[in-house]
Amino acid sequence: MKALQLSEPKRWEIVDIQAPGKPGPGEAVVKIHRVGVCGTDLGGYLGKFPFFSYPRIPGHELGVEVVAVGEGVKNVSVGQFCAVEPYINCQQCYSCRRGFTNCCEHHQTLGVMCDGGLAEQMTLPARKLHPSGNLTMDQAALVETLAIGCHAVDRSKLQGKENTLILGAGPIGLSALEFAKLTGARVIIADLVESRLEFVRQRMGVQDTIQIKGDDSDIEAIGDLTDGQFADVVIDATGHNGSMVRSMEFAAFAGRVVYVGITQQNLDFPHAAFFHRRELNLMASRNALSPDFPRIIRLIDAGIIDTQPWITHHASFNEVPDVFESWTRPETGVIKAVIEV
């Protein structure tokens with residue numbers, strides 16, 4: 001069967017790979033219908049994402065159809081459409097035994113550490129499939145993106161009436177926005193790119209936005225919007241080390257800072273002036289947990305999360321090598337691209 005492979009940064013190849021055989025106990029074979037394009041995929045294409053190795057078949061935001069199930073599989077059946085939880089965990093390590101399956105010590109993310117879903121079919125642990133009910137295939141492929149933001153907001157323990165600042169208006173920042181709004185908190189979005197902020201205002205219904213300049217005016221703008229209190233919660237979805245360090249400047253005293261973006265660079269920040277003096281809580285947010293997936297499916301199905309603004313670009317499987325590079329450029333206006341397999 002056919003698959004799309006990154007043989008090295010910036011080089012796509014359509015390759016022939018072995019089709020799945022009969023699923024083993026606890027496994028399911030799925031047909032891939034949709035693959036969402038994530039910042040991870042863009043970083044892998046550019047050669048800039050940690051943990052990514054080559055050659056690699058990307059694809060972890062998946063809308064799939066079950067075509068065969070192995071012995072003992074009870075949670076899904078042939079013909080069901082599903083969203084995929086792409087974090088393959090060992091179930092045996094200390095993290096897994098305590099329920100922290102998102103940070104398994106032997107974690108493998110589909111399409112990053114192991115081959116993913118840019119293929120016609122694949123075999124998966126059936127426990128990683130979440131029936132998507134009435135969702136379209138496009139919507140099913142969005143569930144994983146939303147799960148990243150869901151987990152980040154859960155980590156922050158954001159509450160109604162608090163101020164939250166989300167740094168970065170890309171897909172991960174927007175996914176955090178969806179769940180920040182559900183808490184009833186006041187949400188402020190900051191980004192370098194004005195077109196992204198315009199999208200947030202026009203399509204996501206958030207009017208409090210700041211175009212980051214990289215100087216003291218950013219601090220003044222956030223102070224003006226919060227009556228000088230700054231943000232109870234800062235969620236950095238940029239993955240940029242400079243932004244991640246500065247995020248502490250925007251946090252309120254006794255505030256919480258959540259890093260959901262990833263950088264390979266060291267972070268060097270003043271301890272006394274911000275972290276200690278303000279007694280900040282600093283935390284990472286990695287992946288998501290299994291219960292997040294059915295929760296998100298229910299929220300989309302009920303219309304509480306509107307996915308209509310999200311998907312801005314489509315491409316067929318065969319078009320990917322020609323169009324993918326354009327999706328790495330902000331001026332093309334891509335929020336979320338989806339590949340039809």
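Is Lys-336 buried or exposed at 1% relative accessibility? Lys-336 counts as buried; a residue is buried under 20% relative accessible area, exposed over 50% and partly exposed in between, with a 1.4 Å probe and protein chains only. The views below come from a predicted model, in which local features need pLDDT of at least 70, side-chain atom pairs count only at pLDDT 80 or more, and totals for chains, interfaces and linings use all residues. Residues are numbered from 1 along each chain as its sequence is written, and side-chain values use heavy atoms, with hydrogens and water left out.

**View 1. Lys-336 and its partners.**
Lys-336 is found in strand 17. Strands (E, at least two residues) and helices (H or I, at least four) are DSSP runs, numbered from the N terminus. The side chain of Lys-336 makes a polar contact with the side chain of Glu-61, at 2.9 Å. It also reaches the backbone oxygen of Val-37, at 2.9 Å. A polar contact is a pair of N or O atoms within 3.5 Å; within protein, one must be able to donate a hydrogen and the other to accept it, and residues adjacent in sequence count only if both atoms are side-chain atoms. Leaving aside neighbours within four places in sequence, Lys-336 is in contact with residues including Cys-38, Leu-142, Pro-171 and Trp-310. Contact means heavy atoms within 4.5 Å.

**View 2. Asp-115 in a loop.**
Asp-115 lies between strand 7 (108–109) and strand 8 (121–125). Asp-115 is partly exposed, with a relative accessible area of 36%. Its side chain joins that of Arg-56 in a polar contact of 2.9 Å. A polar atom of the Asp-115 side chain also lies 3.0 Å from the backbone nitrogen of Ile-57. Not counting residues up to four places away in sequence, Asp-115 touches Pro-55, Arg-56, Ile-57, Leu-110 and Met-122. What separates Asp-115 from Asp-154 in sequence and in space? They are 39 residues apart in sequence and 29 Å apart in space, C-alpha to C-alpha.

A search of the whole structure finds six aromatic pairs. Trp-12 and Phe-324 form one that is edge-to-face, with 5.1 Å from centre to centre and 65 degrees between the planes. Rings of Phe, Tyr and Trp (its six-membered ring) pair if their centres lie within 6.5 Å; planes under 30 degrees apart count as stacked, over 60 as edge-to-face and the rest as tilted. The pair links distant parts of the chain, 312 residues apart. Trp-12 sits in strand 2 (residues 11–16), and Phe-324 in the loop between helix 10 (320–323) and strand 17 (336–340). Trp-12 is buried at 12% relative accessible area, and Phe-324 is buried at 1%. Ring pairs link Trp-12, Tyr-45, Phe-324 and Trp-327 into a cluster.

**View 3. Charges over rings.**
The charged end of Arg-98 sits over the ring of Tyr-94, 3.8 Å from its centre. The charged end of Arg-278 sits over the ring of Phe-230, 5.9 Å from its centre. A charge sits over a ring if NZ of Lys or CZ of Arg is within 6 Å of the ring centre and within 35 degrees of the ring normal.

Six strands pair in parallel, in the order 12-11-10-13-14-15. Two strands pair if DSSP finds at least two bridges between them. The edge strands, strand 12 (209–211) and strand 15 (281–284), each pair on one side only. The twist averages 20 degrees from one strand to the next. Axes are lines fitted to C-alpha atoms, for helices over the stretch in contact, and angles run from 0 to 180 degrees between N-to-C directions. Three bridges join strand 11 (residues 186–191) to strand 12. Ala-190 stands opposite Ile-210 in strand 12.

**View 4. Helix 5 on the sheet.**
Helix 5 (residues 194–203) lies across strand 11 and strand 12, at about 175 degrees to strand 12. Its buried residues are Leu-197, Phe-199, Val-200 and Arg-201. They pack against helix 4 (171–182), strand 11 and strand 12. After helix 5 comes Gly-205, with a positive phi near 75 degrees.
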